[in-house]
Amino acid sequence: MKAKRLFRQIGIFPALLILIVTHSYATNQKPKILFVVTSHDSKGNTGEKTGYYLGEVSHPWEVLTAAGYEIDFVSPQGGNPPVDGFDLNDPVNKKFWEDKYYHGKITHSLKPSQVKPEEYKAIFYAGGHGAMWDLPFDSSIAKIASKIYEANGLVAAVCHGPAGLTNIKLSTGEYLIKGKKVNGFSNEEEELVKLSNVVPFLLEDRLKAIGGIYEKSEPWQSHVTIDGRLITGQNPQSAKAVGVAIVKVLGD
C-alpha cells in the first residue's frame with residue numbers, strides 16, 4: 001500500500017511542475033505593443049530610397065520598453081523592412097540598432113497573417129515616407145488595428161504613420177478617426193521637404209477628408225494629440241512624446 005501511495009505522489013509532481021511553470025510564464029509575460037512599419041522603399045519615381053524612419057521606431061521603443069512593454073513588429077510584406085533616417089549619431093537610434101534582440105525582431109518583422117490582435121494592448125504606426133504608399137491600402141493591418149481598438153486597446157501613430165489610419169474602419173462602418181482629434185505630417189512640412197508633388201496624397205488633407213479633426217503646430221515642433229485611445233504625433237520630433245503618451249494612457 002505504501003508503494004502504491006508513493007507512486008501516485010510521484011505521478012503528481014510532473015503535473016504540478018507544469019502548472020507552476022505555466023503560471024509563472026503567464027504572470028511574468030510582458031504586455032505587448034505592435035509596431036507597424038512600411039515595406040515600401042522608394043519615393044515615387046524620384047529614384048530616392050525611403051522606408052520606415054528609424055528615429056520614429058527607436059524613440060518610442062526606448063520609452064515603451066523602459067515602461068515594461070514587449071514590442072513586436074509587423075509590415076505589409078513581413079521580413080526585413082527598408083529603413084530611412086539611418087542616423088547612428090543619435091544615441092537612441094544606436095541603442096536600438098545594436099540591441100541584438102530587437103534588431104533581430106525588426107529585420108524579421110511579422111506578416112499580418114501571423115499577428116494575433118488579442119495579444120496586444122496597443123498598435124503603433126511608425127512613419128517614414130514609405131508609409132504613404134503601402135499602409136493606407138493594407139486592409140489586413142487595418143483590420144488588426146480595428147480589432148485592437150474595439151477590444152479597448154489603443155491606436156497610435158506618428159509623422160506619416162497616420163497614413164495607416166486612413167483606411168481603418170470600425171464595426172459600425174465608420175472611420176476610426178471620424179470626429180476625433182488627430183494630427184500627422186502637415187502640408188507645410190511636406191512642402192518644406194519638397195515632396196508635395198511626389199507623395200500619392202497629402203496626409204493632412206486626407207485626415208480631414210475622412211472626418212478627422214486635424215490640428216498642428218509650426219513645422220518641426222513636437223505636437224502630440226490625444227483623443228481617448230487615439231494618439232497621434234505630427235513629425236519625427238514628436239516620436240518620443242508619442243511613446244510617453246502611450247504609457248500614460250495605457251496606465252490610466
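Let me begin with helix 2, which is mostly covered in this predicted model, since ten of its 13 residues are buried. The buried positions include Leu 54, Val 57, Trp 61 and Leu 64, and they also include Glu 56 and His 59. From its first C-alpha to its last, helix 2 reaches 18 Å, which is close to the 18 Å expected at 1.5 Å a residue. After helix 2 comes Gly 68, and the phi of that glycine is positive, near 100°.

What does helix 2 pack on? Helix 2, residues 54–66, packs on the sheet, where it touches strand 1 (32–36), strand 3, strand 5 (120–125) and strand 6 (154–158), and its direction makes about 175° with that of strand 1.

That brings me to the sheet itself, which is open and has six strands in the order 3-1-5-6-10-9, with mixed pairing. Its edge strands are strand 3, residues 70–74, and strand 9, residues 224–227, each of which pairs on one side only. From one strand to the next, the twist averages 20°. If you look at strand 9, you will find that it pairs with strand 10, residues 230–233, in the antiparallel sense over four bridges, and that Asp 227 stands opposite Leu 230 in strand 10.

A further helix to look for is helix 6, residues 139–150, which lies across strand 1, strand 5 and strand 6 and runs at about 135° to strand 5.

I would like to finish with Phe 201, which lies in the loop between helix 7 (187–192) and helix 8 (203–209). Is Phe 201 buried or exposed? Its relative accessible area is 19%, and because buried means under 20%, Phe 201 counts as buried. Not counting residues up to four places away in sequence, Phe 201 touches Met 132, Pro 136, Phe 137, Ala 163 and Arg 206. As for Met 132, it is 69 residues apart from Phe 201 in sequence, while the two are 7.8 Å apart in space, C-alpha to C-alpha.

Notes: Residues are numbered from 1 along each chain as its sequence is written. This is a predicted model: local features need pLDDT of at least 70, side-chain atom pairs count only at pLDDT 80 or more; totals for chains, interfaces and linings use all residues. Side-chain values use heavy atoms; hydrogens and water are left out. Two strands pair if DSSP finds at least two bridges between them. Helices (H or I, at least four residues) and strands (E, at least two) are DSSP runs, numbered from the N terminus. Axes are lines fitted to C-alpha atoms, for helices over the stretch in contact, and angles run from 0 to 180 degrees between N-to-C directions. Contact means heavy atoms within 4.5 Å. Buried means under 20% relative accessible area, exposed over 50%, partly exposed in between (1.4 Å probe, protein chains only). The expected span of a helix is 1.5 Å times one less than its number of residues.
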